Amino acid sequence: MDSAASFGLVKWTYSQFKAWLRSLFREKLTAARTYYVRTDGSDSNTGLANTSGSAFLTIQKAIDTVAALDLGIYDVTTRCTGAFTAGATLKTLVGAGKHIIRGAADDTTTMTVTVAGGHCFYFGDSGFSGAYQLQYMKLSTTTSGNCISGAGGGGIVFFGNNDFGPCAGAHIQASQGQLVRAMGAYTISGGAAVHAGAYDTGLCRLSNFAVTITGTPNFSSAFAVVGRAGVLLAYGASYSGSATGVRYSADSNGVIGTAAGDTFLPGNAAGTKTNGGQYV
């Protein structure tokens with residue numbers, strides 16, 4: 001039955017009224033879901049199929065769509081195809097599930113994100129919370145900006161199976177109580193000011209995975225940097241290939257943990273410890 005009904009001054013069909021009611025509440029997932037993003041898609045699409053007529057155009061549209069859901073216990077995966085030039089801001093998630101953003105294929109060429117004057121993925125200013133997983137993509141910035149950049153709030157960002165290309169800022173940054181954690185092996189193919197940094201009680205955990213370095217990239221500040229009680233852990237990590245620049249900088253009560261000696265981290269210049277910074 002879809003007869004017209006009058007609700008106040010608005011005359012709706014029954015299906016329109018149901019759609020309006022649904023708009024007042026978050027949709028709660030009852031199963032895992034997959035969205036698709038393609039550079040020939042549209043943000044007016046549903047995002048639910050891997051075709052130009054169904055996929056979203058931007059990564060941000062997928063993030064906003066998932067943030068409007070109640071994930072319950074289910075994960076949502078967004079599979080992306082193409083070369084993207086716009087960065088994205090991660091949003092707070094509702095529920096215990098995580099949002100997995102990844103390339104459509106199990107490689108680092110199907111999805112690339114190269115941003116000029118900004119971050120590839122940014123999170124934190126609005127009290128960000130929830131869990132994201134970034135994998136199977138190549139990340140780069142030019143002029144300014146980090147590849148994965150936290151700047152406040154709680155929240156967890158996992159990453160792995162990525163290629164970190166040339167970057168104007170830091171490949172990975174955690175700050176103000178956030179956790180950024182490797183969950184798989186990854187590659188470094190470009191230099192940066194910093195590969196990984198942790199500041200203001202942020203935690204960057206690189207432990208237990210293999211890192212492949214290609215092309216002898218340079219890190220102009222240091223490969224690993226901590227400050228203001230930030231913590232960076234690389235216990236059990238392994239590095240193949242070589243890099244140039246200072247191996248580490250630990251300042252203002254920041255701590256770098258490797259349990260592997262002063263020359264463990266990539267670089268060709270000695271690390272520094274200042275103002276209570278520790279390398280252990």
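Start with Ser 175, in strand β14, which spans residues 170-175. Strands here are DSSP runs of E, at least two residues long, and helices are runs of H or I, at least four, all numbered from the N terminus. A word on the source: this is a predicted model, where local features need pLDDT of at least 70 and side-chain atom pairs count only at pLDDT 80 or more, while totals for chains, interfaces and linings use all residues. Residues are numbered from 1 along each chain as its sequence is written, and side-chain values use heavy atoms, with hydrogens and water left out.

Is Ser 175 buried or exposed? Buried, because its relative accessibility is 4%. Buried means under 20% relative accessible area, exposed means over 50%, and partly exposed is in between, with a 1.4 Å probe and protein chains only.

What does its side chain reach? The backbone oxygen of Gly 150, at 2.8 Å. Leave out residues up to four places away in sequence, and Ser 175 touches Gly 150, Ala 151, Gly 152, Tyr 199, Asp 200 and Gly 202. Contact here means heavy atoms within 4.5 Å.

Now the opposite case. Ala 116 sits in strand β7, residues 111-116. Ala 116 counts as exposed because its relative accessibility is 59%. Ser 54 is 62 residues from Ala 116 along the chain, and their C-alpha atoms are 28 Å apart.

Let's step back to the whole protein. There are two helices and 27 strands. The C-alpha atoms fill a box of roughly 75 × 35 × 30 Å along the principal axes. The protein has 280 residues, and 47% of them count as buried. Take the contacts with a separation of 6 or more: 68% of them join residues 24 or more positions apart.

Next, strand β19, residues 210-213. Which strands pair with it? Strand β16, residues 186-188, pairs with β19 in the parallel sense over three bridges. Thr 187 stands opposite Thr 212 there. Strand β22, residues 238-240, also runs parallel to β19, joined by three bridges. On that side, Ala 210 stands opposite Ser 238. Pairing takes at least two DSSP bridges between two strands.

On to the core. In soluble globular proteins, nonpolar side chains tend to be buried together. The largest nonpolar core here has 61 residues, and Ile 59, Ile 101, Phe 121 and Leu 206 have the most contacts inside it. Such a core is a set of buried Ala, Val, Leu, Ile, Met, Phe, Trp, Tyr and Cys residues joined through side-chain atoms within 4.5 Å. Apart from it lies another core, of six residues, including Tyr 199 and Val 225.

Last, the cysteines. How many disulfides are there? Zero, counting a disulfide as a pair of cysteine sulfur atoms within 2.5 Å. For Cys 120, the nearest cysteine sulfur is that of Cys 147, 4.5 Å away. Cys 120 is buried, because its relative accessibility is 1%. For Cys 167, the nearest is also the sulfur of Cys 147, at 3.8 Å. Cys 167 counts as buried too, because its relative accessibility is 7%.

How values were computed: A polar contact is a pair of N or O atoms within 3.5 Å; within protein, one must be able to donate a hydrogen and the other to accept it, and residues adjacent in sequence count only if both atoms are side-chain atoms.
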